[in-house]
Amino acid sequence: MKFVKNLSIAIVSAGFMVLAAAAQAKSVTLEYDRSIGSPGFGSGQLFLPQGIDVQEGTGNIFISDSENDRVSVFDQNGNFVKAIGGIGSGLFDETADLAFDKLTGNLYVGDVKNNQIDVLDADGNYLRSFGSFSPEIEGRRFYGPGGVAFDAVGNFYVADYTLDAIKAYDRDGNLIKTIGSSGTGSGQFQGPSGLSISEKSGNIYVTDQLNNRFQVLDPQGNPLLVVGGEAGSGRGQLNGPVAIEVDDEENIYVGDTFNNRIQVFDKNGNYLSEFGTAVPNATPEPLPPGASLPEPGQFNWTVGAHYDNGKLYVSDFFNSRVQVLNVKGKTSIPEPTSVLSLGLVGLGAALQLRKRQQKAAMSLDELDKTAV
């Protein structure tokens with residue numbers, strides 16, 4: 001009956017193999033795909049781009065072209081489609097982050113020097129403005145409305161960089177609540193810049209730039225997680241982060257701005273991978289119009305990020321372009337209870353089958369004795 005024993009051992013082992021396989025997950029990595037734009041003031045050129053979003057239905061890429069006082073629109077292949085606003089148009093005075101309201105299709109744009117949020121329809125026609133944000137203060141390069149994002153019910157969140165808080169508005173532009181205060185503690189900020197909200201959990205993700213970290217808050221604004229702190233360039237360390245984005249599996253993409261890279265973390269804040277290097281001998285100054293672009297994967301400040309359909313769009317600020325990266329190995333990590341249940345199912349099935357095989361072996365032994 002040796003074959004029965006070996007079969008039982010193999011089946012029991014299979015239960016543990018199910019557990020091991022369930023616990024495995026691929027690490028998310030990034031690779032360069034292509035770039036959009038080049039330094040300049042003409043159609044299809046960008047100058048200090050910041051926010052990015054992709055329009056549902058058309059797949060067009062909307063880029064906050066900040067120093068050109070406009071939103072530049074490109075198709076999925078990076079071909080220029082149109083510009084909304086522009087110098088002298090009177091619509092914007094330095095655009096910051098932007099986001100589409102998926103429930104209405106309207107576009108919300110941070111308008112820094114006009115100190116407001118501008119609302120446009122899906123075609124780029126002006127509808128209204130709302131909000132008021134804190135003015136510039138000494139020692140801080142940015143001010144006014146920073147990162148923007150919508151929650152699942154259509155409330156609109158804005159990082160008020162100077163106030164060190166997140167403001168939440170309803171769809172009509174009425175202030176609902178303010179989250180956070182100035183400081184270094186959990187749930188406090190110094191220069192909140194990037195902002196993203198998970199469609200899966202409703203959690204709020206904020207880059208806390210001057211504290212060299214990012215924070216995760218629950219939908220009510222209570223702190224859940226802090227990653228970073230002291231400025232550094234090692235794995236998982238941050239230096240002046242601005243951009244932040246979260247995908248549908250709650251992997252977190254952080255524009256580690258002064259380190260000129262994107263770092264990727266899982267939903268628990270564990271470091272997964274990174275992409276990008278600094279432009280050799282670069283200074284924090286914009287490339288002049290018509291200048292040759294650096295090599296792919298080289299950045300001079302990562303200040304905007306947007307995930308869409310397997311691609312991460314990153315604003316390469318002083319290089320006046322958007323680099324498009326392919327997201328590789330994005331895989332959900334099963335919850336501990338799910339992993340355990342998978343292992344127990346496999347183990348339980350193996351034990352049940354082993355008992356049956358043992359009974360079969362005993363019956364065959366009895367049969368052998370009877371035959372003798």
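This is a predicted model: local features need pLDDT of at least 70, side-chain atom pairs count only at pLDDT 80 or more; totals for chains, interfaces and linings use all residues.
**Rings, sheets and salt bridges**

Okay, let's start with Phe318: at 1% relative accessibility, it counts as buried.

How many aromatic pairs does a search of the whole structure find? It finds 20. Let me pick out Tyr108 and Phe130: the ring centres are 6.1 Å apart and the planes sit at 70°, so we call this pair edge-to-face. Tyr108 belongs to strand β7 and Phe130 to strand β9, so the pair ties together parts that are 22 residues apart in sequence. Are these two buried or exposed? Both Tyr108 and Phe130 are buried. Now back to my opening residues: the rings of Phe317 and Phe318 have their centres 4.8 Å apart with planes at 65°, so that pair is edge-to-face as well.

Going through the pairings, β7 covers residues 107-111 and β8 covers 116-120; the two run antiparallel and are joined by five bridges. Here's Tyr108 again: in this pairing it stands opposite Val119 in β8. Next along, β8 and β9 are antiparallel too, paired over four bridges, and there Asp118 has Ser129 in β9 as its bridge partner. The hairpin of β8 and β9 has five residues between the strands, and one of the things to look at there is Gly124, which takes a positive phi near 95°.

There's another open sheet of four strands, also with antiparallel pairing, in the order β10-β11-β12-β13. Its edges are β10, residues 145-150, and β13, residues 175-179; each has a single partner strand, so again one side of each has no neighbour in the sheet. The strand-to-strand twist averages 20° here. Strand β10 pairs with β11, residues 156-160, in the antiparallel sense over four bridges, and Val148 finds its bridge partner in Val158 of β11.

Now a loop residue, Phe47. You'll find it between β1, residues 29-36, and β2, residues 49-54. Phe47 is buried, with a relative accessible area of 12%. What does it touch, leaving aside its neighbours within four places in sequence? Its contacts include Phe41, Glu67, Leu287, Ser320 and Pro286. Take Pro286: it is 239 residues from Phe47 in sequence, but the C-alpha to C-alpha separation is 7.9 Å.

Last topic, charges. The whole-structure search turns up 14 salt bridges. In one of them the side chains of Arg213 and Asp208 meet, 2.7 Å from N to O. Arg213, at 7% relative accessibility, counts as buried, and Asp208 is buried at 0%.

Another joins Glu274 to Arg261, with the closest N and O atoms 3.1 Å apart. Glu274 is in strand β21, residues 271-275, and Arg261 in strand β20, residues 261-265, so the pair ties together parts that are 13 residues apart in sequence. Which side of the burial cut-off does each fall on? Glu274 is partly exposed at 32% relative accessible area, whereas Arg261 is buried at 5%.

Finally, Asp316 forms a salt bridge with Arg321, the closest N and O atoms being 2.8 Å apart. Asp316 is buried, with a relative accessible area of 0%, and Arg321 is buried at 2%. There's a network as well: salt bridges that share partners join Asp33, Arg34 and Lys311.

How values were computed:
Residues are numbered from 1 along each chain as its sequence is written. Side-chain values use heavy atoms; hydrogens and water are left out. Two strands pair if DSSP finds at least two bridges between them. Buried means under 20% relative accessible area, exposed over 50%, partly exposed in between (1.4 Å probe, protein chains only). Contact means heavy atoms within 4.5 Å. Axes are lines fitted to C-alpha atoms, for helices over the stretch in contact, and angles run from 0 to 180 degrees between N-to-C directions. Rings of Phe, Tyr and Trp (its six-membered ring) pair if their centres lie within 6.5 Å; planes under 30 degrees apart count as stacked, over 60 as edge-to-face and the rest as tilted. A salt bridge is a side-chain nitrogen of Lys or Arg within 4 Å of a carboxyl oxygen of Asp or Glu.
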